[in-house]
Amino acid sequence: MVRIEPSGDAVLAGRSAPGADIVVTDNGKQIGRATANAQGQWVILPTAPLPAGGQELAVTATESSGRQTKGDAPVLLVVPPTGQTGRATPPTAIAILTPPGAAPRLLGSVDGAKAKLGLDIVDYDEHGLIRFSGTAPAGVTVRVYIDQALAGDALADAQGHWTLVPGKPIAGGNHQLRLDQLAAGGKVAARLELPFQRAELSGQDMAEGHVVVQPSQNLWRIARRVYGRGMQYMTIYQANREQIRDPGRIYPGQVFAVPASPASSAANPAAPMPVSSSKSR
């Protein structure tokens, strides 16, 4: 569990082997340490607020035997810059769990009993294999349709989160997504319909130093894929300033130039790190 305020103050919690020594790092730098209790639960409150911009948190547990276990997925954080003005609503901090074999999931303090039907993230690879994640009341079934064809059922967990990985890839282009929240007897208690686009990623474009933005991508992920470090997202931002007004808002279908080598001086950890290209033009 990650709960983070716009100020950067955070609460981190999780489970491990009882008595394990827990260390949480931010881009490799330790920000907190704790010992798991007899039930294997631990809580860490970093002593200083996390800085504005993008962070990548990782957790490691070391048992008394010396056995060390790393968390199975990093958490990407977005902390808004302080002192922003001219916005109708205050900027929010966001934490996203990025497991390698499942859909990314927003983290926070969700009450599963009060959760409403919703879609958080659409994520897919260059082969069209797609993953969905969202919210719904705890214990209910969410039935997912793509272009009116059944894609599968997902069960919301106790925290009100559900994920679905359909067995078939989808073709590029525009699609219609439908979510049905099922009640007893299979009746539809709530429904959500929305369009989404699966953009085609050209290997030739990548070879020529360009990348086509796909839904759910962000500059952090693109930089980590190209340069091996998410913090180099500012290199891509600086090279495409004429297209990117706000690094927190990129759009499916945009084509960005990707410099051959990152300019370390361009990386500005105080700049806002983009979360998702879930919006379309």
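1. Strands β13 and β14. In this predicted model, strand β13 covers residues 141-146 and strand β14 covers residues 149-155. The two strands run antiparallel to each other and are paired over six bridges. Within this pairing, V142 is found opposite A154 of β14.

2. The turn between β13 and β14. These two strands form a hairpin, with two residues between them.

3. The strands of a sheet pair through backbone hydrogen bonds, and the arrangement may be either parallel or antiparallel. The two sheets described below can be read with this in mind.

4. The sheet β11-β12-β15. Three strands make up this open sheet, in the order β11-β12-β15, and their pairing is antiparallel. Its edge strands are β11, residues 118-124, and β15, residues 161-164; each of them pairs on one side only. From one strand to the next, the twist averages 15°.

5. Strands β12 and β15. Strand β12, which spans residues 130-135, pairs with β15 in the antiparallel sense, and four bridges are involved. To locate this pairing in the structure, the student may look for S133, which stands opposite T163 in β15.

6. The sheet β1-β2-β5. This open sheet is likewise built from three strands, here in the order β1-β2-β5, with antiparallel pairing. The edge strands are β1 (residues 2-4) and β5 (residues 41-44), each pairing on one side only. Direction ignored, neighbouring strands of the sheet are turned against each other by 10° on average.

7. Strands β2 and β5. Strand β2 consists of residues 10-15 and is joined to β5 by four bridges, the two strands running antiparallel.

8. The protein as a whole. The strands discussed above belong to a protein with three helices and 19 strands. How much of the protein is buried? Of its 281 residues, 44% are buried.

9. Contacts along the sequence. Among the contacts in the protein with a separation of 6 or more, 57% are between residues 24 or more positions apart.

10. Surface. The accessible surface of the protein amounts to about 14400 Å². Carbon and sulfur atoms account for 51% of this surface.

Technical notes
Residues numbered from 1 in each chain as written. Predicted model: local features only at pLDDT ≥ 70, side-chain atom pairs only at ≥ 80, totals over all residues. Heavy atoms only, no water. Pairing = 2+ DSSP bridges. Axes fitted to C-alpha atoms, helices over the stretch in contact; angles between N-to-C directions. Buried < 20%, exposed > 50% of the residue type's maximum accessible area, 1.4 Å probe, protein only. Contact = heavy atoms within 4.5 Å. Areas by Shrake-Rupley, 256 points an atom, 1.4 Å probe, with all protein chains shown as cover.
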